[in-house]
Amino acid sequence: MHELPIVNNILQVVLRHALAHKVKKVLAIHIQVSEMSGLEDQWMQKYFDYLAKDDIVKGARLVVERIPVMMQCSDCSASYKVDIRTDQTMACPKCGSINSTMVSGQKYFITNLEAI
């Protein structure tokens, strides 16, 4: 259910840009979603459909691109991707250290709008 406030934020940004650019209809909203965000594609679309009552955005689809978690090793400074579904330790592939910091992995971004 944490998708609801996030989808509402996305909707508000889209509406603001659509009105500012005199868009007649938004067809699709492309977003990048980090793997660790916990956001589920199907729930984001369901909540978007529920909230999108304005004719400009009604019926628009969300196109979700997943972004991997990026870590940086505190010991050797290597940057690396982590697949949170399979990597249990998130250890650095270069030196094996588990002493690392998450660089990215919990955010979401609107990257593009398809509109007429």
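Is Tyr 47 buried or exposed? I looked this up and found that Tyr 47 is buried, with a relative accessible area of 14%. I note at the start that the model is a predicted one.

**Aromatic rings**

I searched the whole structure for aromatic pairs and found one. Its members are Trp 43 and Tyr 47, in a tilted arrangement, with 5.9 Å centre to centre and 35° between the planes. I then checked where the two residues sit. Both belong to helix H2, which covers residues 41-51. They are four residues apart, about one turn of the helix. I compared their accessibility: Tyr 47 is buried, whereas Trp 43 is partly exposed, at a relative accessible area of 38%.

**Charges over rings**

Next I looked for charged side chains placed over rings. Lys 46 lies over the face of Trp 43, and I recorded 4.8 Å from the ring centre. I also found Lys 53, whose charged end sits over the ring of Tyr 50, at 5.1 Å from its centre.

**Salt bridges**

Side chains of opposite charge can pair when their charged atoms come close. How many salt bridges does a search of the whole structure find? I counted two.

In one of them, the side chains of Arg 66 and Asp 41 meet at 2.4 Å, N to O. This pair links distant parts of the chain, 25 residues apart: Arg 66 is in strand E2 (residues 61-67), and Asp 41 is in helix H2. I noted that Arg 66 is partly exposed, with a relative accessible area of 27%. Asp 41 is partly exposed too, at 35%.

I also recorded a salt bridge between the side chains of Glu 114 and Arg 61, at 4.0 Å, N to O. Here too the pair links distant parts of the chain, with Glu 114 in strand E6 (residues 108-115) and Arg 61 in strand E2, 53 residues apart. Glu 114 counts as partly exposed at 28% relative accessibility. For Arg 61, I read a relative accessible area of 44%, which is partly exposed.

**Cysteines**

I looked for disulfides and found zero. Cys 73 is in no disulfide; its nearest cysteine sulfur belongs to Cys 95 and is 3.6 Å away. A disulfide needs two cysteine sulfur atoms within 2.5 Å. I found Cys 73 to be buried, at 3% relative accessibility. Cys 92 is in no disulfide either, and the nearest cysteine sulfur to it, that of Cys 76, is 3.7 Å away. Cys 92 also counts as buried, at 3% relative accessibility.

**Nonpolar cores**

Which residues touch the most other members of the largest nonpolar core? I found Val 26, Ile 29, Met 44, Phe 48 and Val 57, out of 21 residues in that core. The elements giving two or more residues to this core are helix H1 (3-20), strand E1 (26-34) and H2. I noted that H1 gives the most, with seven residues.

I then followed the contacts of Ile 29, not counting residues up to four places away in sequence. Among the residues it touches are Ile 10, Val 14, Phe 48, Ala 60 and Ile 110. Arg 61, listed above in a salt bridge with Glu 114, is also touched by Ile 29.

Methods:
Residues numbered from 1 in each chain as written. Predicted model: local features only at pLDDT ≥ 70, side-chain atom pairs only at ≥ 80, totals over all residues. Heavy atoms only, no water. Phe/Tyr/Trp six-rings, centres within 6.5 Å; stacked < 30°, edge-to-face > 60°. Buried < 20%, exposed > 50% of the residue type's maximum accessible area, 1.4 Å probe, protein only. Lys NZ or Arg CZ within 6 Å of the ring centre and 35° of its normal. Core = buried A, V, L, I, M, F, W, Y, C linked by side-chain atoms within 4.5 Å. Contact = heavy atoms within 4.5 Å.
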